[in-house]
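Please open the structure in your viewer and keep the selection tool at hand.

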Amino acid sequence: ILYSAGGHDIDLVFRQILRLLAGLGLMIIVAQFRVQKIVPWVPWLYLLGIFLLIIVLVIGEISHGSKRWLNLGLFRFQPSELMKLAVPMMITWYLADKPLPPSYGRLLIATILIAIPVMLVAKQPDLGTALLIGSSGIFVILLSGISWRFIFGFMTLGILSTPVLWY
């Protein structure tokens with residue numbers, strides 16, 4: 001299908017296979033790490049992602065009307081992809097060693113930790129990825145044991161504030 005859609009370019013197919021193999025290799029390597037070894041690096045990964053998102057806004061490469069990419073010479077990198085993993089890991093790291101369900105203050109900080117990358121990605125503009133990053137963080141909060149009354153109240157507030165936040 002890729003060969004056909006790519007204008008019968010076999011080089012495109014081989015490049016995609018190479019990327020697939022590189023991704024699988026990286027996945028296998030990362031899967032060998034124990035979670036306890038990764039946990040101390042989570043805040044640094046999150047901060048690196050925020051830094052890279054800011055760099056994209058300043059010197060990012062424009063493609064199809066959006067500034068989403070960093071050109072690293074050998075390849076282009078989209079920092080928002082990193083944030084799809086970093087945000088739920090950061091929220092989990094933040095809530096992990098505190099009593100659950102989280103207090104309103106901790107929920108506010110967790111929401112801010114989610115909102116920062118979501119706003120940076122939405123500014124690129126990439127609304128789909130911004131929503132995916134936001135929902136990945138929100139699901140961690142929802143699974144932390146907060147009450148249903150709070151969830152429905154927050155959803156109502158979110159729905160009512162949508163017209164204001166849209167502009």
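The stops below lead from the surface to the core, then to the strands and the salt bridges.

This is a predicted model, in which local features need pLDDT of at least 70, side-chain atom pairs count only at pLDDT 80 or more, and totals for chains, interfaces and linings use all residues. Residues are numbered from 1 along each chain as its sequence is written, and side-chain values use heavy atoms, with hydrogens and water left out.

**Stop 1: the nonpolar patch**

Select Y3, I10, F14, I17, L20, L21, L24 and M27, which together form a nonpolar patch on the surface with about 780 Å² of accessible area. Such a patch consists of nonpolar side chains (Val, Leu, Ile, Met, Phe, Trp, Tyr) joined within 5 Å, from residues with over 30% relative accessible area and no salt bridge. Areas are computed by the Shrake-Rupley method with a 1.4 Å probe, and for residues only the protein chains shown count as cover.

Next, colour helix α2 (residues 10-31), which supplies the largest share of the patch, seven residues. Helices are DSSP runs of H or I with at least four residues, strands are runs of E with at least two, and both are numbered from the N terminus. Y3 is found in helix α1 (residues 2-5).

Is L21 buried or exposed? L21 counts as exposed because its relative accessibility is 52%; buried means under 20%, exposed over 50%, and partly exposed in between. Y3, at 38%, is partly exposed.

**Stop 2: the largest nonpolar core**

Select Y46, M83, V87, I91, L113 and I141. Of the 23 residues in the largest nonpolar core, these touch the most other members. A nonpolar core is a set of buried Ala, Val, Leu, Ile, Met, Phe, Trp, Tyr and Cys residues joined through side-chain atoms within 4.5 Å. The elements giving two or more residues to this core are α4, α5 (79-96), α6 (104-122) and α7 (127-142), and α5 gives the most, with seven residues.

Centre the view on M83. Leaving aside neighbours within four places in sequence, M83 is in contact (heavy atoms within 4.5 Å) with Y46, G49, I50, L53, P88, P117 and I133.

Now turn to L48, in helix α4 (residues 42-59). L48 is partly exposed, at 43% relative accessibility. From C-alpha to C-alpha, L48 lies 9.4 Å from A86, although 38 residues separate them in sequence.

**Stop 3: the strands**

Show strands β1 (residues 61-63) and β2 (residues 66-71), which run antiparallel and are joined by three bridges; strands pair if DSSP finds at least two bridges between them. I62 has K67 in β2 as its bridge partner. Two residues lie between the strands of this hairpin, where H64 takes a positive phi near 55 degrees.

The bridge partner of L70 in β3 is F77. Four residues lie between β2 and β3 in their hairpin, and G73 in the turn has a positive phi of about 85 degrees.

**Stop 4: the salt bridges**

How many salt bridges are counted? The count comes to two, where a side-chain nitrogen of Lys or Arg must be within 4 Å of a carboxyl oxygen of Asp or Glu.

Select K84 and E81, whose side chains meet at 3.0 Å, N to O. Both lie in helix α5, three residues apart, about one turn of the helix. Finally, select K98 and D97, which form a salt bridge at 3.6 Å, N to O. D97 is exposed at 65%, whereas K98 is partly exposed at 29%.

Terms used: Buried means under 20% relative accessible area, exposed over 50%, partly exposed in between (1.4 Å probe, protein chains only). Patches are made of residues with over 30% relative accessible area and no salt bridge: like charges are joined within 9 Å, nonpolar side chains (Val, Leu, Ile, Met, Phe, Trp, Tyr) within 5 Å.
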